[in-house]
Amino acid sequence: MDYNFHWQPVLRRLPDLLFAALDTIQVAVLAIILGILLGLLLAVIKMNVTGKLRPLKWLASSWIELARNTPVLLQLFFFGFGLGALGIHLSPFMIVLTALTFNCAGYLAENFRGGLQAIPETQFRAARSLGMSAPKAYYYVLFPQVLRNVWHPLTNQIVWAVLMSSLGMLVGYQELAGSAQYFASRTYRIFEYFAVVALIYFIIVKLILALSRLVAWRIFRGQGGV
């Protein structure tokens, strides 16, 4: 093997890589927040909408099926190049954010639906009989229990969003992987750059998992854990 390792160029660019990691975290966090809100909405629509609003249920079901059963890379290309062909041009950041949000919402919708179905229907009826409106019953009675039921899948989805944001380099988004590709192409230190980037991703994921365990302990410690 004639390859000679040179780590000095990578170490000089380490501050730039760490700054790019903040962009990775930013787009992943925003995608998860939007995905949670849209996922809850999709789950509620799929479970409760009937009658004249049935087209909304079909829309929610179609969103979920497309998000869960097509490659995320194709979803990314659709929002990047498909919409571009229709005259709708998004920035690289918005392409990645939109694609991750679309996918996260689809997966989280099914997680939330399972979490809601695990709660006895009598709790919702009891809340309504006490004078709560349906939105208040969901907010104060059902959603806190759903959060406990879906905490681990939600944590996995956060990790997934961080890792999948690396596909953003294919549409020109300069997050962690995209920055590493750019620097590596200028120095030809491909292995060194991506080895360091892999370590940074590993540390980010471990921090997410540790934070998730800490938050779960603080929130659910009086409920027998998660």
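Reader: Before I dig in, what do buried, exposed and partly exposed mean here?
Author: Buried is under 20% relative accessible area, exposed is over 50%, and partly exposed lies in between (1.4 Å probe, protein chains only). This is a predicted model, where local features need pLDDT of at least 70, side-chain atom pairs count only at pLDDT 80 or more, and totals for chains, interfaces and linings use all residues. Residues are numbered from 1 along each chain as its sequence is written, and side-chain values use heavy atoms, with hydrogens and water left out.

Reader: OK, so is His152 buried, exposed or partly exposed?
Author: His152 has a relative accessible area of 46%, so it is partly exposed.

Reader: And where is His152 found?
Author: In helix H8, residues 151-164. Helices are DSSP runs of H or I with at least four residues, numbered from the N terminus. The C-alpha atom of His152 is separated by 9.4 Å from that of Ala216, 64 residues apart along the chain.

Reader: Switching topic: how many aromatic pairs are there?
Author: The count is nine. Rings of Phe, Tyr and Trp (its six-membered ring) pair if their centres lie within 6.5 Å, and planes over 60 degrees apart count as edge-to-face.

Reader: What about Tyr139 and Tyr140?
Author: They form an edge-to-face pair too, 4.9 Å centre to centre and 90° between the planes. Tyr139 and Tyr140 are both exposed.

Reader: Now helices H6 and H7: at what angle do their axes cross?
Author: Roughly 140°, with the axes of H6 (residues 121-129) and H7 (residues 134-149) coming within 9 Å. Axes are lines fitted to C-alpha atoms, for helices over the stretch in contact, and angles run from 0 to 180 degrees between N-to-C directions.

Reader: Which residues make the contact?
Author: With contact meaning heavy atoms within 4.5 Å, H6 brings Gln123, Phe124, Ala127 and Arg128, and H7 brings Ala134, Ala137, Tyr138, Val141, Leu142 and Gln145.

Reader: Last one: what's the phi of Tyr188?
Author: About 65°, which is positive although Tyr188 is not a glycine. Most residues other than glycine have a negative phi. Tyr188 sits in the loop between helix H9 (176-187) and helix H10 (190-220), and at 63% relative accessibility Tyr188 counts as exposed.

Technical notes
Helix = DSSP H or I, 4+ residues; strand = E, 2+ residues; numbered from the N terminus. Phe/Tyr/Trp six-rings, centres within 6.5 Å; stacked < 30°, edge-to-face > 60°.
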